[in-house]
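Which oppositely charged side chains pair up in this protein, and where do they sit? The report below follows these contacts one at a time.

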Amino acid sequence: MGPLQFLGYVNDIWRDIDFNIRLFADDCIIYRKITNRNNIEKLQNDLDTLGQWAEKNGMKINPGKSTAIRFMRAQVKNPLGYSTGDQKIPEASSCKYLGIILRGDLNWLDHIQYTVQKAWKELHFVMHVLKKGNRNAKSLAYMSLVHPILEYGSACWDPCRGGQINALDQVQKKAAQFTNHTKDSEWETLVQRTTIVRL
């Protein structure tokens with residue numbers, strides 16, 4: 001009942017927010033397209049409104065767990081300067097949202113590197129535990145524990161560059177050797193799977 005009660009408690013958080021707000025469990029993001037100074041002020045007003053809502057409802061927004069980030073092609077040196085209450089929200093060049101690492105320039109390199117590192121760690125664990133396991137047990141472990149890591153959020157970050165695809169495919173190639181799947185046709189490639197996910 002705890003999570004359900006929490007969702008009911010924060011259900012009205014959006015009512016006085018003028019622009020885009022997204023909620024997922026205890027994650028909350030506010031965003032909007034910034035084209036002039038007026039947009040900046042309006043976004044800050046929304047942040048102030050959010051702070052007032054939190055105070056009214058006996059909650060506190062932790063600026064240390066909050067991030068201000070801008071998504072744009074050009075490099076801008078002036079700081080964002082957003083705040084909640086009397087505390088400034090730290091600016092970052094990237095942030096993690098629902099398990100996806102978003103960079104300000106929308107390059108997926110950081111997310112791919114994080115995913116590959118996590119997948120290799122999980123694959124090595126599987127290989128260690130099932131070193132003497134049969135082919136079916138190894139395949140099931142890979143498909144259950146490693147494969148979802150490689151595909152998580154792929155509809156968002158796909159397509160990515162060739163080198164990044166190769167880094168992800170190397171994990172599957174190692175898994176294929178470990179599970180004795182010697183033929184490439186037995187498992188779909190990352191590109192094939194992400195195409196299916198998009199469809």
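In this predicted model, Glu91 is partly exposed, with a relative accessible area of 39%. Its side chain meets that of Arg70 in a salt bridge, with 3.3 Å from N to O, and Arg70 is itself partly exposed at 21% relative accessibility. Because Arg70 lies in the loop between α2 and β3 (83–84), while Glu91 lies in the loop between β4 (87–88) and β5 (94–97), the pair ties together parts that are 21 residues apart in sequence.

| Pair | N to O distance |
|---|---|
| Arg70 and Glu91 | 3.3 Å |
| Arg37 and Glu41 | 3.9 Å |
| Arg103 and Asp105 | 2.9 Å |

The salt bridge between Arg37 and Glu41 lies within one helix: the two residues are four apart in helix α2 (residues 37–56), and therefore they are separated by about one helical turn. Arg37 counts as exposed, at 57% relative accessibility, whereas Glu41 is partly exposed, with a relative accessible area of 41%.

In the salt bridge that Arg103 forms with Asp105, the arginine counts as buried because its relative accessibility is 18%, which falls under the 20% cut-off, while Asp105 counts as partly exposed at 45%. Salt bridges with shared partners also bring in Asp110, so that Arg103, Asp105 and Asp110 are joined into one network.

Technical notes
Residues are numbered from 1 along each chain as its sequence is written. This is a predicted model: local features need pLDDT of at least 70, side-chain atom pairs count only at pLDDT 80 or more; totals for chains, interfaces and linings use all residues. Side-chain values use heavy atoms; hydrogens and water are left out. A salt bridge is a side-chain nitrogen of Lys or Arg within 4 Å of a carboxyl oxygen of Asp or Glu. Buried means under 20% relative accessible area, exposed over 50%, partly exposed in between (1.4 Å probe, protein chains only).
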